[in-house]
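Subject: Structure handover

Hi,

Here is the structure I promised to pass on. My notes follow below it.

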Amino acid sequence: MQDTVAVALITSLSTLTASALAGLIAARSTRRQLAHQLTVTREERADRAAARREELRRDAYVGFLGACDAAYRRLDRRWIEPGAGAVTPGYDEAYAAMRAVDEAYNLVLLQGPADVAAAGRSVVASLTTEYAEQRRLADEPGDAAASLRDRHRERWLAAIEVRTNRRVAFVDAARPAVDREG
């Protein structure tokens with residue numbers, strides 16, 4: 001009978017040991033799976049946040065460039081149309097377009113990064129300078145029937161060149177901020 005008890009005791013101890021070992025292995029495996037799943041979830045969340053940040057930046061940059069284009073059209077009208085350069089006191093269409101650029105630039109400032117905001121500031125400064133120059137040139141004596149472009153062709157060409165250079169610099173700075181692959 002003692003042999004039977006010894007065999008039963010050994011069998012039960014080996015069963016308990018096997019169960020404990022299986023439980024330990026299962027717990028470690030579950031822990032590794034949970035850690036892996038947590039890592040995957042964090043990476044997915046980070047990717048979604050980066051994609052959302054890129055989307056917000058892209059929207060801010062596109063809005064800024066659109067506002068700049070509208071301001072450029074207003075400034076072009078003042079350069080090209082005879083009598084359009086006449087200075088009107090207070091608020092005019094070109095000034096309204098400039099305000100829209102300022103508002104769009106605020107979004108660029110919020111979205112960053114700093115080099116894109118600096119390039120945007122350069123665009124805003126060039127627009128403001130061109131607007132002020134138009135107003136100053138319109139005050140100068142000359143043929144009111146002639147456009148500002150005809151009266152001041154060199155300054156008009158210089159303003160167009162500055163616009164182009166500043167806009168290209170902004171796009172060059174903005175592109176890497178919205179495209180992780182390029």
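**What I found**

Gln37 sits in helix H1. Keep in mind that this is a predicted model. Gln37 is partly exposed, at a relative accessible area of 45%. From Gln37 to Arg58 is 21 residues in sequence and 31 Å in space, C-alpha to C-alpha.

**Helix H2**

Which residues of H2 are buried? They are Ala94, Ala97, Met98, Val101, Ala104, Tyr105 and Val108. Looking down the axis of H2, these buried residues fall within an arc of 125 degrees, so they line one face of the helix. The face turned away from that buried side carries Glu103 and Leu110, both exposed.

What do the buried residues of H2 pack against? Their partners are helix H1 (2–80), helix H3 (114–139) and helix H5 (153–178). After H2 comes Gly112, with a positive phi near 65 degrees.

**H2 against H3**

The two helix axes come within 10 Å and cross at roughly 170 degrees. An angle over 145 degrees counts as roughly antiparallel, and H2 and H3 are therefore roughly antiparallel to each other.

The residues that meet are these:

- From H2: Ala94, Tyr95, Met98, Val101, Asp102, Tyr105, Val108 and Leu109.
- From H3: Val116, Ala117, Gly120, Arg121, Val124, Leu127, Thr128 and Tyr131.

By class, this contact has 12 nonpolar, two polar and two charged residues. Asp102 of H2 and Arg121 of H3 are among the residues listed.

**Two more residues**

Is Arg163 buried or exposed? Arg163 is buried, because its relative accessible area is 6% and the cut-off for buried is under 20%. Arg163 belongs to helix H5. Leaving out residues up to four places away in sequence, Arg163 touches Tyr72, Leu75, Asp76, Trp79 and Glu130.

Pro141 lies in the loop between H3 and helix H4 (148–151). Pro141 is exposed, with a relative accessible area of 83%. Pro141 and Val168 are 27 residues apart along the chain, and 35 Å separates their C-alpha atoms.

Best wishes

Conventions
Residues numbered from 1 in each chain as written. Predicted model: local features only at pLDDT ≥ 70, side-chain atom pairs only at ≥ 80, totals over all residues. Heavy atoms only, no water. Buried < 20%, exposed > 50% of the residue type's maximum accessible area, 1.4 Å probe, protein only. Helix = DSSP H or I, 4+ residues; strand = E, 2+ residues; numbered from the N terminus. Arc of directions from axis to C-beta. Contact = heavy atoms within 4.5 Å. Axes fitted to C-alpha atoms, helices over the stretch in contact; angles between N-to-C directions. Parallel < 35°, antiparallel > 145°, perpendicular 65-115°, else oblique. Nonpolar A, V, L, I, M, F, W, Y, C, P; charged D, E, K, R; others polar.
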